[in-house]
Amino acid sequence: MEVCVIAKCTYKSETIMFSVSSESSMVDILKTLCLRFRGLQLDCFTLRYSVPNYPSCFLETDSDLDLMRTFLLISNEKTVDILVKDLCGISEYNGDFCVNKELIACEKGESSCSSTVEDRNEFLGRSKRASAKPLLSNEWETYIHHVGQKFEGGAEEFQLKLCKYALEVGFNFLYAGNDKKRVVAVCSNKKLEGCSWRVYASRGEATGSFVIRTLNNVHTCAGRIRESKSKMMRSRVVSSLIVDRIRAKPELKLVEIIHEFKDYYGIDISYYHAWFGKELAKLDVHGDESKSFNELVWYADASKYKGQLLCASGKNGNQGFYPLAFGVVDSETEENWT
């Protein structure tokens with residue numbers, strides 16, 4: 001069902017109103033606030049909304065936004081009050097903690113700007129999530145940086161680092177070509193906005209490593225912002241980040257994975273991505289179980305001619321049979337069973 005409410009956002013003594021639909025994201029709201037309120041800077045403010053009986057609710061992620069819309073729908077509320085609060089209690093134009101003084105100067109008409117929209121887009125692209133501690137993903141923005149950069153792990157390493165780079169910088173990309181010998185990626189806004197960002201990498205015949213051949217690392221599309229949810233956070237990326245944890249703690253729960261990604265990387269991942277990422281990590285650690293079971297056929301064939309097949313099994317949590325150990329022996333004796 002379409003959910004559309006009117007958000008009344010107040011910052012200091014000013015209030016603006018705009019609609020929030022089912023398609024709206026936190027990125028859309030942050031962009032609107034930074035464009036409408038003079039001097040408001042990303043990373044320098046927090047958002048709280050109020051509903052009946054709950055005067056101060058967090059509004060920081062897309063999950064928070066979904067919960068707000070759901071609550072308003074159930075309560076049959078058509079409007080919501082959102083308070084924009086300075087994170088450090090700074091003056092609007094004093095510049096002590098401002099991330100981008102040039103943008104503020106441009107807003108006030110005190111500096112020459114070739115394009116105000118371009119400055120805003122560049123500002124949004126540099127913005128980071130406000131956090132009391134550094135995130136483990138901070139280094140990802142250095143993963144793609146120059147022509148000639150090598151990736152010894154081949155196409156897989158390049159693809160993984162490209163996803164992490166896009167996630168941290170704050171954009172999505174599409175593959176224009178993707179195989180074991182070459183990878184071509186373009187900004188997802190290329191078709192709609194003509195964005196010129198593009199990277200092409202291919203395998204070096206001598207070493208087998210992947211090398212960036214061409215790179216246009218400048219976006220000409222609308223502003224970029226690092227989101228807590230991203231299409232670039234795929235199951236293979238999740239797997240690469242938890243494989244050591246799975247090796248050390250195979251019983252790691254999905255809810256633990258989800259919480260760790262939120263705490264350590266500032267990223268919200270779905271239950272599905274956590275589950276499938278864990279399965280891929282288990283595959284990397286333990287190998288393909290189906291191939292191991294296929295070896296039973298070889299042992300069975302061997303038993304026809306060389307002895308007997310012994311197998312000890314139990315029941316798992318789903319009351320299904322689980323093989324514990326098996327082997328081919330010359331005869332079924334107590335010694336061989338032991």
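Biologist: In which sense do S7 and S8 pair, and over how many bridges?

Modeller: First, a note on the source: this is a predicted model, in which local features need pLDDT of at least 70 and side-chain atom pairs count only at pLDDT 80 or more, while totals for chains, interfaces and linings use all residues. Residues are numbered from 1 along each chain as its sequence is written, and side-chain values use heavy atoms, with hydrogens and water left out. Helices (H or I, at least four residues) and strands (E, at least two) are DSSP runs, numbered from the N terminus, and two strands pair if DSSP finds at least two bridges between them. Here, S7 and S8 are joined by five bridges in the antiparallel sense. Within S8, Val184 is the residue opposite Gly177.

Biologist: What is the order of the strands in that open sheet, and which are the edge strands?

Modeller: The five strands follow the order S6-S10-S9-S8-S7, with antiparallel pairing. S6 (150-151) and S7 (173-178) are the edge strands, each pairing on one side only. Helix H5 packs on this sheet and touches S6, S7, S8, S9 and S10 (contact means heavy atoms within 4.5 Å). The direction of H5 makes about 165° with that of S7; such axes are lines fitted to C-alpha atoms, for helices over the stretch in contact, and angles run from 0 to 180 degrees between N-to-C directions.

Biologist: What is the order of the other open sheet of five strands, and why is one side of S2 and of S4 left without a neighbour?

Modeller: Its order is S2-S1-S5-S3-S4, with mixed pairing. S2 (14-20) and S4 (54-58) are at the edges and have a single partner strand each, so one side of each lacks a neighbour in the sheet. S1 (residues 5-11) and S2 run antiparallel and are joined by seven bridges; Ile16 in S2 is the bridge partner of Cys9. Helix H1 (residues 26-36) lies across S1, S2, S3 and S5, at about 110° to S3. Helix H2 (residues 62-74) also packs on the sheet, and its direction makes about 20° with that of S3.

Biologist: Which residues touch the most other members of the largest nonpolar core?

Modeller: A nonpolar core is a set of buried Ala, Val, Leu, Ile, Met, Phe, Trp, Tyr and Cys residues joined through side-chain atoms within 4.5 Å. Buried means under 20% relative accessible area, exposed over 50%, and partly exposed in between (1.4 Å probe, protein chains only). Among the 42 residues of this core, those residues are Phe158, Phe173, Trp197, Met233 and Phe261. H5 gives the largest share, nine residues. A second, separate core has 28 residues, among them Ile16, Val27, Cys34 and Ile82.

Biologist: Where is the kink in H7 centred?

Modeller: The bend at a residue is the angle between axes fitted to the seven residues ending there and the seven starting there. In H7 a kink of about 55° is centred on Ile242. Ile242 is also one of the buried residues of H7, which include Val238 and Ile246. What covers the buried residues includes H5, H8 and H9.

Biologist: Is Phe321 buried or exposed?

Modeller: Phe321, in strand S12 (residues 321-329), is exposed, because its relative accessible area is 68%. Apart from neighbours within four places in sequence, Phe321 contacts Ser313 and Gly314.
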